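Dear colleague,

I am handing over the structure below, together with a short account of what was found in it. Please have it open beside this message as you read on.

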There are 2 protein chains.
Amino acid sequence: MIKVAIVGFGNIGRAAYDAISASEDFSLECIVETREVTADVPVLSSVSELKNIDVAILCLPSRSVPDTASSLLSRGICTVDSYDIHSNIYEVRSKLDVIAKENNCAAMTACGWDPGSDSVVRTLLMAMLPKGLTYTNFGPGMSMGHTVAVKAISGVKDALSMTMPMGSGVHRRMVYVELEKGADFDAVSKSIREDEYFVHDETHVIEVENVDMLRDVGHGVNLTRKGVSGVTGNQRIDFNMTINNPALTGQILVSSARAVTKQRPGCYTMIQIPPIDFLHGDINELIRKLV
Amino acid sequence: MIKVAIVGFGNIGRAAYDAISASEDFSLECIVETREVTADVPVLSSVSELKNIDVAILCLPSRSVPDTASSLLSRGICTVDSYDIHSNIYEVRSKLDVIAKENNCAAMTACGWDPGSDSVVRTLLMAMLPKGLTYTNFGPGMSMGHTVAVKAISGVKDALSMTMPMGSGVHRRMVYVELEKGADFDAVSKSIREDEYFVHDETHVIEVENVDMLRDVGHGVNLTRKGVSGVTGNQRIDFNMTINNPALTGQILVSSARAVTKQRPGCYTMIQIPPIDFLHGDINELIRKLV
């Protein structure tokens with residue numbers, strides 16, 4: 001059994017809990033959460049109290065992942081996370097890689113669906129069609145990373161960031177906000193549009209009275225590549241999904257928690273991991289069934 | 001530079017040649033082919049003459065792959081192949097794994113698109129949706145493995161085996177044969193339908209005057225999984241492609257020839273290989289670009 005802790009018991013943490021419950025090779029030892037939560041395992045208030053676990057599954061807002069992962073790795077505890085700020089993943093991985101190696105443990109970062117499983121598909125498509133263009137089209141769907149980023153902005157009581165696919169990998173962000181009493185909409189709107197999560201996309205901020213009535217965690221992706229194998233063009237491949245977003249993210253984190261126990265010390269992204277390592281079961285049986 | 005030899009210079013061997021030409025990290029040292037062929041590198045008549053190469057890319061009919069791979073591995077030469085008899089892959093891999101380890105070299109088997117890249121997708125989908133059903137629907141398109149198997153049957157002058165998707169992973173085989181003078185159609189038809197390649201599928205054998213007029217190497221796949229992440233159902237993912245079959249197979253063999261040089265001794269299927277290993281370039285740059 002792989003002994004795990006869930007760190008952060010929000011949407012993703014609860015989804016990770018479900019994925020652990022549905023797996024036969026995990027034992028959930030505890031949850032770390034500062035807010036009041038009910039659970040059938042001990043709830044600790046700080047990661048500093050964690051001990052006797054194989055992997056900590058970090059279900060925290062991306063921006064607090066690097067520090068928490070660093071502190072756990074420096075104590076020799078393996079971590080997995082779904083850090084999703086694409087432009088910083090390389091840097092975060094390099095930093096955690098050093099700490100993991102120094103402390104003889106392993107970490108996996110950016111283990112969601114994008115970054116994550118989509119990254120694996122993009123890599124596979126490059127191996128199949130080395131020349132050509134890949135477009136990743138998201139949505140329509142709620143972006144959890146973007147929504148969390150908006151909620152962190154002063155004056156925002158509740159928020160929902162929808163990602164709209166405009167084709168060719170271009171997206172529009174539709175941000176619905178419920179304001180704190182007295183908050184200035186124009187200032188909030190400006191803060192959102194200047195945030196690192198939104199600054200590169202067409203972003204519309206809309207004030208609403210009740211964000212909750214708009215909330216649906218469904219999401220989707222259309223990942224497409226048209227390219228060349230050898231010298232032969234017009235090779236066309238696409239990958240589509242329509243999914244419950246936290247459920248898939250929680251599942252991938254748990255599958256990654258399994259994979260990380262099989263790696264040598266260091267920090268890895270999903271494209272650096274043999275796909276079979278994400279699965280439970282005998283290697284020969286898996287080959288017989290899946291290859 | 002990775003020094004490679006192409007063993008077998010038919011459809012797949014020529015496609016591998018193209019993929020090598022389009023890559024900057026390979027040097028094609030020679031081709032092994034018993035038939036008369038024209039090429040801009042030395043053509044050897046036997047694998048026993050091979051020396052000073054890193055990887056032999058086996059572009060042979062599946063049935064001659066295990067023996068050829070064994071003989072090269074026993075001389076410490078890495079191999080990659082696109083062996084495609086699904087029911088025997090596990091056994092072939094186990095056998096080659098022992099020989100590769102004994103001789104301190106590495107091999108990859110079943111490196112085409114199915115088995116191959118589709119296997120990677122199937123494995124990834126299992127990590128994302130552990131419970132549920134996957135269906136792999138092929139075609140319409142010419143199956144090279146099946147066509148080669150028919151051509152090997154006595155009385156067959158030329159052949160084309162088309163795979164027709166009937167949904168839910170069920171396929172019909174439409175086999176077009178041009179007979180040798182005096183051959184008995186009923187006997188040929190029976191031999192085809194009883195062959196390991198055909199015995200599990202609805203197979204129709206049709207005699208035609210000119211197989212060549214039917215030939216098109218386009219193929220396709222629709223790989224679909226509907227399943228459960230954690231406890232959340234109705235997660236839907238599909239992977240589709242429409243491709244030139246030998247061009248993609250040749251490219252995947254060449255990408256695998258790159259990957260095999262990065263593995264520890266043993267024999268691997270594609271699901272056991274970190275996807276990033278199939279690509280040329282700096283690991284950190286690839287992570288920055290693809291994750």
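Two strands are said to pair if DSSP finds at least two bridges between them. With that in mind, and bearing in mind that this is a predicted model, strand S13 (residues 232-244) of chain A and S13(B) pair in the antiparallel sense, over seven bridges. Within this pairing, Phe239(A) stands opposite Phe239(B) in S13(B).

Turning to the interface as a whole, 64 residues of chain B are in contact with 64 residues of chain A. The area buried between the two chains is about 5,300 Å², and carbon and sulfur atoms give 68% of that area. On the side of chain B, Tyr90(B), Leu290(B) and Val291(B) lose the most area to chain A, and together they account for 13% of what that side buries.

Several elements of chain B each supply at least two residues of the side that touches chain A, namely helix H1 (11-21), helix H3 (89-102), helix H4 (117-128), strand S13 (232-244), helix H7 (245-260) and helix H8 (283-290). The largest share of that side, 12 residues, comes from S13(B), the strand that also pairs with strand S13 of chain A. By class, the side of chain B that touches chain A has 36 nonpolar, 18 polar and 10 charged residues.

With kind regards

How values were computed
Residues numbered from 1 in each chain as written. Chains lettered and ligands numbered in written order. Predicted model: local features only at pLDDT ≥ 70, side-chain atom pairs only at ≥ 80, totals over all residues. Heavy atoms only, no water. Contact = heavy atoms within 4.5 Å. Buried area = accessible area lost by both parts, 1.4 Å probe. Helix = DSSP H or I, 4+ residues; strand = E, 2+ residues; numbered from the N terminus. Nonpolar A, V, L, I, M, F, W, Y, C, P; charged D, E, K, R; others polar.
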